[in-house]
Amino acid sequence: MMHAIRAIFGLFVDDGALAVGLLAWTALIGLAVRLWPVTSFAVLGTALFLGYVAILIGNVVLAAHAHALRRR
Amino acid sequence: MTWLQAAPTITAAFLASFVEFVEAATIVLAVGTVRGWRSALGGTAIAVLVLFAMVLVLGPALTHVPQQAMQLVVGLLLLLFGMRWLRKAILRGAGIIALHDEDAIFRSETDSLRRAGAMAGRGLDLVAAATAFKAVLLEGTEVAFIVIGIGASGAGLLLPAAVGAAAAALLVLAIAAAVHRPLARVPENTVKFVVGVLITAFGVNWTGEGLGIAWPGRDLALLALASGLLAAALLGVRVAESVGSRGATRPAVR
């Protein structure tokens, strides 16, 4: 049973930092939508997208850096 | 429903399901080759029945969830799922982690199945059936999630998503039955790269709508998000390649 739960969890979360970063950014943008409903949705949509991209790129750069350190 | 809505859904469901079916087929082929086809196909059939039951129970339950809440939950799950694939595809493209090798998986699986003890006589070989069952259930769960996830948030999109997945299943079954070997020539990392981009685009789109963000251009926004993600992912490969190769050029630190 635990193996099955772990396998299903693994479908969505491979790198914990990436998952936490994406969820935290979603929560922040969700908060912004509630606090500033008059702000252009295009601005918040762009912020949501660019934030996700930055989190992804930052994560792969950190992984590549860790890989480079291991090779030295 | 227009082709503009259906085409990305069919493409994403087809490609994502294709990769999952290839992975499941590799294990089933390994089981069938080493321990016999009866147990391999028996385990596969039981897993397919369990998957059908899961979809029959969970599918109608989803219709009772308010649309905005479902968009947010499904969007976040698609986002996490797609980003996980995209991250791995970028790191594989940059040479940071090894490429997925169906031949190596086939060899490793056949070795471990040969070591797993004697086969049962005329009855079902439990080791073989359980191995096939586990592989098909896990990969099938991913396919079911992809179909429901991609199809759930748009009116009438479940059918195109199911059609894409069914086409992938038929294609993999036909190839596997014809060649009886793992589908090692499939450019799996390239497919995973594309699928990661498409599923993440769906995830961003649904998550935004779930948060109350009305995307400008509606359906065109999905294509814009996918294009932006593709550009960012290609940039990610270049940057990761450059950062990762620094370890090879500098002398070892003592």
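Which residues is Glu142(B) in contact with, leaving aside its neighbours within four places in sequence?

## The surroundings of Glu142(B)

In this predicted model, Glu142(B) touches Leu11(A), Glu20(B), Phe81(B), Arg84(B) and Trp85(B), once its neighbours within four places in sequence are set aside. The residue belongs to helix H5 of chain B, which covers residues 126-152.

Glu142(B) is buried, yet no salt bridge is assigned to it. The nearest side chain of opposite charge is that of Arg84(B), at 4.5 Å. A salt bridge requires a side-chain nitrogen of Lys or Arg within 4 Å of a carboxyl oxygen of Asp or Glu.

## Architecture of chain B

Chain B contains eight helices and zero strands. Read from the N terminus, its elements follow the order α-α-α-α-α-α-α-α.

Of the 254 residues in chain B, 50% are buried. When contacts in chain B between residues at least 6 apart in sequence are considered, 85% of them link residues at least 24 apart.

## Extent of the interface with chain A

The size of an interface is often expressed as the accessible area lost when the parts come together. For chain B and chain A, about 3500 Å² is buried between them, with 78% of this on carbon and sulfur atoms. On the chain B side, the residues that lose the most area to chain A are Leu80(B), Arg87(B) and Leu211(B), which together account for 19% of what that side buries.

In residue terms, the contact draws 43 residues from chain B and 37 residues from chain A.

## Polar and charged pairs across the interface

Two salt bridges are found across the interface of chain B and chain A. In one salt bridge, the side chain of Arg87(B) pairs with that of Asp15(A), with an N to O distance of 3.2 Å. Arg87(B) is also one of the residues of chain B that lose the most area to chain A.

The interface of chain B and chain A further holds three residue pairs in polar contact, with both residues at pLDDT 80 or more.

## Composition of the chain B side

Four elements of chain B are listed as giving two or more residues to the side that touches chain A: helix H3 (67-93), H5, helix H7 (188-211) and helix H8 (219-249). H8(B) gives the most, with 13 residues. H5, also in this group, is the helix in which Glu142(B) is found.

By residue class, the side of chain B that touches chain A comprises 26 nonpolar, ten polar and seven charged residues.

Definitions and conventions. Residues are numbered from 1 along each chain as its sequence is written. Chains are lettered from A and ligands numbered from 1 in the order in which they are written. This is a predicted model: local features need pLDDT of at least 70, side-chain atom pairs count only at pLDDT 80 or more; totals for chains, interfaces and linings use all residues. Side-chain values use heavy atoms; hydrogens and water are left out. Buried means under 20% relative accessible area, exposed over 50%, partly exposed in between (1.4 Å probe, protein chains only). Lys and Arg count as positive and Asp and Glu as negative; His and the chain ends are not counted. Contact means heavy atoms within 4.5 Å. Buried area is the accessible area (1.4 Å probe) that two parts lose on being put together, summed over both. A polar contact is a pair of N or O atoms within 3.5 Å; within protein, one must be able to donate a hydrogen and the other to accept it, and residues adjacent in sequence count only if both atoms are side-chain atoms. Ala, Val, Leu, Ile, Met, Phe, Trp, Tyr, Cys and Pro count as nonpolar, Asp, Glu, Lys and Arg as charged, and the others, Gly among them, as polar.
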